[in-house]
Every structure is written in structure tokens, then in C-alpha cells.
Amino acid sequence: MEFKRMTLAEAEGALLAHSIKTSRAKFKKGRVLSKEDILALQATGVENVIAARLDEGDLSEDVGAMQVASTIMGDGVTCNSAFTGRCNLYANTRGLAVIDSARIDQINLLHESLTIATLPHCDVVIPKQMVATVKVIPFAVSGRIVKAAAAISQTPVPVIDVAKFTAKKMGLILTRLPGTKQSVLENTIKTARARVETLGSILIASEVVEHEETVVGAAIQKLRSGGCHIILISGASAIVDRRDVVPLGLESVGGIIDHFGMPVDPGNLMLLGHIGEGLRQTPVLGLPGCARSPKLNGFDWVLERLSANLEVTPKDIMLMGAGGLLKEIPSRPQPRHGVQPSVEGIKREPTIPAVLLAAGQSRRMGAINKLLAQIDGISMIRRVVETILTSKAGPLIVVTGHEADHIRTELEGCEVTFIHNPDYAEGLSSSLRAGIYELPGAADGVLVCLADMPQVTASHVNKLVSAFDPIEGRAICVPTSNGKRGNPVIWDARFFSEMTAVSGDVGARHLIGEYDDLVCEVEIGDGGVLVDIDTPQALHSVRATAS
């Protein structure tokens with residue numbers, strides 16, 4: 001890639017490296033400079049620009065990031081569209097992030113232009129939580145580097161995946177000594193049940209027995225016969241040796257001790273074993289004393305992996321030491337990785353509900369309601385609604401007004417929330433207010449859509465959602481076609497109060513000018529984001545294109 005200060009004469013077709021704003025022109029970084037752009041810059045007195053031009057064999061930052069993301073991810077992960085060279089990967093389900101650290105390192109060592117950052121291996125994740133991000137650093141990456149990354153990824157096992165927690169039937173054995181309090185046993189059962197249910201499983205039985213190996217062995221057999229997939233044993237006294245009561249109890253009924261101890265604190269005195277072989281193998285876990293507390297300990301890491309159907313070998317346990325110091329001290333609060341992850345602070349895919357403004361009176365269309373007009377056999381309103389429902393925006397709120405009953409009937413069977421605006425004659429702003437007031441509290445932003453734009457596609461919407469990132473200054477995402485702004489628009493939640501204060505028939509467009517530094521223009525390419533149907537002639541033109 002060529003990157004340098006260029007005269008305007010040589011800059012046509014190059015990527016602008018830094019934004020330019022003058023009294024007469026404004027160009028965002030990353031813009032491909034057209035002949036018209038060059039003339040506009042010349043008119044403002046600009047003589048040269050810092051820009052980039054791709055070499056033969058280079059891939060643009062977005063194409064490169066998308067190609068790498070698609071080769072490294074498994075079925076448990078999805079990715080958004082790349083924007084500014086970044087492609088984020090998100091969990092599809094609740095489970096464990098499965099990260100092949102060695103191959104991540106190999107790819108990151110290929111070249112400084114290509115990077116991958118991930119969560120730690122076996123972190124607990126929830127749906128829509130970010131698991132990894134692929135970032136192309138400059139405006140382009142060599143196709144050779146992308147191919148090398150793909151070659152590293154080419155094995156049956158994905159580089160990045162999520163192992164889903166599956167429901168397991170678990171049993172708990174508690175041993176007691178003469179001095180064991182009943183309250184201790186009851187609290188241990190309560191804590192164990194909470195751990196098990198957090199992972200989507202169920203504690204189907206608990207057995208309290210004497211602290212003696214043959215009795216422990218008999219309890220293991222009973223729980224296994226009762227259908228337990230995993231057996232947990234909480235001893236009245238901590239296991240301190242392979243020849244202690246709990247491990248001997250397991251061996252007395254033909255069980256095998258796989259590993260004793262782990263380099264995780266708290267959790268050092270954990271026992272991993274099993275009884276049975278092949279498909280009938282039942283894992284048996286001897287709990288460390290700290291497992292009576294709900295706080296994170298090494299036993300949780302093993303139980304999580306077993307619940308996600310991941311193999312746990314002695315080597316896996318012995319390699320848990322790096323990052324295995326979990327004990328709380330005053331200078332080090334509760335660690336981030338917990339049995340029940342909190343949604344707070346988790347980097348996740350944004351929640352962008354959509355508000356569809358469908359209350360207008362279609363005055364310029366004559367006698368018909370344009371939203372009910374058929375385009376290739378489907379009404380305009382239903383076409384737009386189905387587009388949004390197949391996109392990454394949602395849930396969808398439809399604001400009705402004029403002929404509300406007909407709109408509701410036309411959208412029968414669609415998963416939408418209807419809000420009626422009795423003041424629809426006051427203009428578009430009244431419908432916008434009605435929609436904003438009904439947004440869910442968890443909304444990060446809102447996609448404001450016009451119901452008379454049937455050529456907007458789910459791909460257009462997804463590009464806007466991918467671009468939205470208020471932390472990086474992209475708080476208002478506007479689609480463009482050849483530099484001309486269109487609809488729909490994503491607005492960050494910070495603007496909700498101002499959006500409810502608008503009036504008239506122009507919506508919130510004036511806020512784009514007021515907050516220009518937070519506007520992100522997303523080049524869509526085709527003109528669908530510019531086409532709204534206001535006249536019979538426009539409807540005829542769209543029908544002709546669709547047929």
C-alpha cells in the first residue's frame with residue numbers, strides 16, 4: 001500500500017487518511033476521493049492531502065478483516081460486518097469461549113497489519129457477548145498475509161468457538177463426622193445447587209453419608225445408577241492425599257483417580273476422577289473445602305468445562321496456574337471471571353431496537369395509502385417490516401396513525417409491537433416521540449426507519465449496526481450512497497431526550513448538524529437508502545424495478 005502526502009492531481013481514487021473540514025467542504029477520513037471531491041477541495045484552496053492507495057494484491061481493511069474472521073470462527077460464534085477494518089465476533093449461546101491460543105499467536109505474528117484479540121480460553125460467555133475482534137491496522141492488508149492466516153486456520157477444529165453448556169443431571173455426596181453441623185451440610189447443598197443451576201443443569205439428588213470409604217463408594221454407585229451424569233463429593237474433611245477417604249471410596253467401586261490437586265488458589269485440593277468407560281463414563285469431582293463458598297475457585301473451572309462437554313485432562317488442570325491466583329486480597333478485588341457472569345461491563349453486540357414510522361397520511365399519493373400499495377406481490381409496509389425483522393436491529397416498534405387498523409391487519413403474524421400515535425397529523429416528529437417513549441430500557445441506541453423505503457435491505461441495516469460504536473465516536477450512523485445521505489439512521493441512547501423534544505415534520509435530522517463530530521457516514525453503495533415513495537410516479541418506478 002502506498003501511503004503519503006499527495007497533490008490533488010494524483011489523489012483521485014485514493015483513500016483520505018485524515019478528515020478535512022473547511023467552511024465550504026467536509027470530507028471524513030477513509031473516503032475514496034472522486035473527481036468531484038478533488039474539484040471541491042481545489043475550490044477551498046487545499047493543495048495536497050495525506051492519502052493511501054492500494055497496491056496490486058492488497059485487500060481493503062474491511063475485506064481483509066471479514067475474510068480472516070470467517071476463517072477463524074466456529075458455529076458457536078457469529079460476526080458482524082467489518083467497519084474501519086474491525087470485525088467483531090460474538091457468542092451465539094451461553095457457554096465457554098474456546099480459544100486456540102497457539103494459532104491466535106501464529107496469526108498475530110504474521111505481520112503488524114493484522115491483529116486478533118480474544119477473551120481468555122474457557123471464559124464464561126453469554127449470547128451476544130463479544131468473544132474476539134479482528135482488526136486490520138492500516139487501510140489495507142496484503143492478500144498474502146490473509147491467505148497465510150487462512151492456512152493457519154485450516155483444521156477441523158475452529159480457532160475461536162463457543163462450547164455450549166448442556167443440561168446435566170448431577171448428584172452430590174456429603175460426608176459427615178461426629179462434629180459436623182447440620183447447618184453446614186444444608187448450606188453446602190444450597191451452594192452446590194446454585195452452582196449447578198447456573199450452568200443450566202440440575203441437582204437431582206444429594207446423599208449425606210458417614211466419612212468412610214466403603215460408604216462413599218456405595219453412594220457413588222447409587223447416584224450413578226440413578227442417572228447422574230456428574231457426581232460431586234464434598235468431604236467433611238478436605239482431601240489431602242490420593243489415599244484419603246474420598247479417593248479410596250471412588251477406587252473401591254472400580255473408579256479411577258485422574259488427577260489430584262490443581263495450581264489454582266482457592267481450589268488446590270480438588271480431585272478429578274471417573275467411573276465407567278466410553279459413553280458410560282461418569283466424571284467424579286472431589287470438591288475442595290472452599291467450594292462451600294459461592295465465590296469462584298478452581299473447581300468451578302473444571303465443572304464449567306465438563307458442563308460444556310469439553311475434555312478435562314490432567315495436563316489441562318496443571319496448565320491452569322497462569323491466571324490461577326483467584327484469592328481476594330484488599331488490593332485485588334473479586335476477579336472478573338465468575339460462575340455467574342454479570343452483564344455489567346461485558347463487551348457485547350449493541351442492542352438496537354427499531355422504530356418504524358408508519359403513521360403518515362400519504363397526501364401526495366392521492367386516494368391510496370402508499371404503505372398498503374403492492375410491490376411485486378407484497379405490500380410496501382410488510383416488505384419494509386420483513387426487512388427489519390431479518391436484520392440485526394430489533395425488537396421492532398411500529399408507530400401507526402392514519403388507517404391504523406389496515407396497517408395492523410396487513411402486518412398480521414409479524415413479530416412487532418404496535419404503538420398508535422393519535423397526534424399523527426402534527427407531523428413525523430409526533431410519531432418519533434411516540435416510538436422513543438416505548439423503547440426498552442436496555443436499548444443502546446435506536447434505528448429510526450421510514451415505512452416508505454422498500455429498497456432498504458437487511459444488509460444495509462446490518463452495516464449501520466456494525467458501524468455503531470459511541471465509544472469510538474460513531475454515535476449517529478447515517479447511510480450514504482455516493483456521498484449523499486439517506487435513511488434509516490441509528491441514534492445513540494444519549495440523544496433520546498432531545499429526540500422527544502423535536503417538533504414538526506422533519507424528525508431529528510437537525511441533530512446531525514449539531515453533533516457533526518459524532519456522525520459516522522456509512523457508504524452503502526446502491527441507492528436504496530435514498531429512495532422514498534411519495535408520489536404515484538415514484539411508486540411506478542419502484543414497481544418497474546422490482547418486477
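A residue is buried at under 20% relative accessible area, exposed at over 50%, and partly exposed in between (1.4 Å probe, protein chains only). M1 counts as partly exposed because its relative accessibility is 31%. This is a predicted model, where local features need pLDDT of at least 70, side-chain atom pairs count only at pLDDT 80 or more, and totals for chains, interfaces and linings use all residues. Residues are numbered from 1 along each chain as its sequence is written, and side-chain values use heavy atoms, with hydrogens and water left out.

**Nonpolar cores**

- A nonpolar core is a set of buried Ala, Val, Leu, Ile, Met, Phe, Trp, Tyr and Cys residues joined through side-chain atoms within 4.5 Å.
- The largest such core holds 68 residues, and L356, W491 and M499 have the most contacts inside it.
- A second, separate core has 34 residues, including V124 and M270.
- In soluble globular proteins, nonpolar side chains tend to be buried together.

**W491 and I512**

- Contact means heavy atoms within 4.5 Å.
- Beyond its neighbours within four places in sequence, W491 is in contact with several residues, among them F468, M499 and I512.
- I512 sits in helix α15 (residues 509–514); helices are DSSP runs of H or I, at least four residues, numbered from the N terminus.
- I512 counts as buried because its relative accessible area is 4%.
- Leaving aside neighbours within four places, I512 contacts I476, V478, R485, W491 and V519.

**V134**

- V134 lies in strand β12 (residues 130–136); strands are DSSP runs of E, at least two residues.
- V134 counts as buried because its relative accessibility is 0%.
- Not counting residues up to four places away, V134 touches residues including A65, C87 and I116.
- The C-alpha atoms of V134 and S307 are 29 Å apart, and the two residues are 173 residues apart along the chain.

**An open sheet**

- Two strands pair if DSSP finds at least two bridges between them.
- Three strands form an open, antiparallel sheet in the order β11-β9-β14.
- Its edge strands, β11 (124–125) and β14 (160–164), each pair on one side only.
- Strand β9 (residues 95–99) pairs with β14 over five bridges, in the antiparallel sense.
- L96 stands opposite A163 in β14.

**Near the start of the chain**

- M1 is placed in the segment before β1 (2–7).
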